[in-house]
Structures are given as C-alpha cells and as structure tokens.
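Hi there,

Here is the structure I promised to pass on to you. Have a look at it first, and then read my notes below.

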Amino acid sequence: PDLRTEFLDLPLANPLMNASGVWCSVASQLEALAECAAGAMVTKSCTLAQRDGNPEPRYRATPWGSINSMGLPNEGFPYYLNYARCHDYERKPLFMSLAGLTLDDNLTMVAELREAVTPVIMELNLSCPNVPGKAQVGYDFEAMDTFIHEIADAYDRPFGVKLPPYFDIAHFDEAAAILNAYPQIAFVTCINSIGNGLVIDPVSETVVIRPKDGFGGIGGDFVLPTALANVNAFFRRCPDKKIIGCGGVRSGEQVFLHLLAGAALVQVGTQLFEEGPLIFPRLLEELQAIMTAKGYDRITDFQGKLKTL
Ligand SMILES: CC(C)(C)CCc1c(C(=O)O)[nH]c(=O)[nH]c1=O
C-alpha cells in the first residue's frame, strides 16, 4: 500500500510525525528525527528565552500511558529558529511549536519567524500559560480569540494551533467557531495531554512526579478515546482545515483510527518517548498490514471515512 500523503501542498513519505515535546528538544534529537522514517517532525514548544523547566522527576511512564509536568524546558526560540534554518526540507517538512509565556513573547517570536526565510510550519501551542490564576489559553475562549487574532495579524503565512482536549460539545462548538473565523489557521492539532491528572504509587503511597504536588498532563493509551473524539469533532466542524491527530498512538491500529476519524497526519508522543524513533518503521509496517488486510491502496481510501451507526 502507498503511505504517501501531502500537507499544505508539501509531499510527505507518510503521515507520521513526533508530538511536540517528545524527542525534539536538542539538535541531536532533532537530527535523529530528521533521519528517521517519520514523514514530518516538530520541535519542542519554545519560549523566547531558554528554560530549565521543572525539577525532576517530571515525566513518568505507566502501564497505560504517561504523566508529565516538564514545565516547558527548552533551548529558547533562537536555537530552534537556527535549527529551522539548517533543516533539509527536501527530506521532510519541519514544524516549529511556539508556547510563549505571554502574548507579547509569542508576538516577538512570530514577528521574527515571519522575517526568517524558511519554509518551517508554525504550530501555536494554545496550552501556553495565560494570566496567572486564569485557565490556560486553550480553555479561556476570550483569550484564545485575542491570541489568535494578534498572532494571525503578526504572521503572514498559514499556521496551525495545538489544542488541549475538550469534553463538552458546547466547547467543541465554541472553539471551532473561533478557529473558523481565521482562514489563516490551516490546521488544528488535537490533542495536547489531558491536564492535571494524578498518578499515585500504592506501595509508597506517594505521587510519582515532583512538580505541582504530582499533578501532570496525561498521555498514552488512556487518552485515545478523547483524542479520537477531538480529532473527529474538529474534522466535522472545520471542513476547510486539516486536522493532525495526537494521543494514544502505540501501534498501527491507533494510527489507522486517527486517520479514519479525520486526521491528515498523526503524531506520536508517549510511545515515542518510550521506544525512540525506531517506533516509526514499526508503525508504518503495522499500518500497511491493516491496509492490506482491508484492501486499501492509499490513505485517502479510508481517511475521514469513519462510519456512524
Ligand atoms: C503545559 C505547558 C508547560 C504550559 C506547555 C508545555 C507542555 C508540557 C510541558 O512542557 O510541561 N507538557 C505537555 O504535556 N504539554 C505541553 O504543552
């Protein structure tokens, strides 16, 4: 079967890529992603200045997924912009994730990105912090509209947004209404980790990560139904935009489900953290086996063709 696809008029060898934050914080990791089998790649969400992030342990794997409260550790915007300048775009597209600590920081980064002569694709992380004491931008629809309005104005190219998961139909409607007001938003990546979960070790009677009293974003198997729902909800509501699926991918089967639900590309987070970039050949093989068994020759034979009862 043929796994080739295209995204924003760019050819991709296949629809797989990493999730921002995983295996993409430093040059050695980015070079490994550039050389691996994934069809595209994205950098760790960056802030204007370098950040150490939270004290460790700040990531833990569990039998059903992962919990993390990294605290946005990253090398700073200039580092990733420099990588973007050196990336081999003939090999695969590069996405750059931005998560400024303030709207102003985001505008500063976007203005510089606009001037940079590079075909990098911007993914704006809307789980970025808002005014202290208020919900993250992705959960504060007024702030979300303001952030997108200002950033769209400051940037002259199509870009995408990374959304937190929503759990209420009214929220799908409200978030989609905001996004649809901006044709410049070419894609929507669903989902970021499910925020503020708590993993407890029954033996030690202790939380498993140090920051935030053990509260952290949940990823992995546990988030798959929520990820598929968010992919399909925005696929239905934003017909003029592409959806990138993220959440719960550990085998070819979940890649298949994300594509069926409407994803154009599929990101891998927790399982990539555990397995490394060699997960990509495995996922591609497993996806091809499923397509062969079902008689599908190419991705478009089933992409977005989820059936209802
Ligand atoms: C949660 C924030 C620290 C505000 C953004 C960075 C981020 C982090 C992180 O760096 O802790 N972890 C996630 O699972 N998703 C994210 O978007």
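A definition to start with: axis angles under 35 degrees count as roughly parallel, over 145 as roughly antiparallel, 65 to 115 as roughly perpendicular and the rest as oblique. This is a predicted model, in which local features need pLDDT of at least 70 and side-chain atom pairs count only at pLDDT 80 or more, while totals for chains, interfaces and linings use all residues. Residues are numbered from 1 along each chain as its sequence is written, and side-chain values use heavy atoms, with hydrogens and water left out.

Now to the helix pair. The axes of helix 5 (residues 169-180) and helix 6 (residues 224-237) cross at roughly 50 degrees and come within 10 Å. The two helices are therefore oblique to each other.

Next, helix 9. This helix covers residues 279-294, 16 residues in total. Its buried residues (under 20% relative accessible area, with exposed over 50% and partly exposed in between, using a 1.4 Å probe and protein chains only) include Phe-280, Leu-284, Leu-287 and Met-291. Seen down the axis of helix 9, the buried residues fall within an arc of 130 degrees (taken from the directions from the axis to the C-beta atoms), so they line one face. The face turned away carries the exposed Glu-285, Thr-292 and Ala-293. Just after helix 9, Gly-295 has a positive phi of about 75 degrees.

Best wishes

Conventions: Helices (H or I, at least four residues) and strands (E, at least two) are DSSP runs, numbered from the N terminus. The expected span of a helix is 1.5 Å times one less than its number of residues. Axes are lines fitted to C-alpha atoms, for helices over the stretch in contact, and angles run from 0 to 180 degrees between N-to-C directions.
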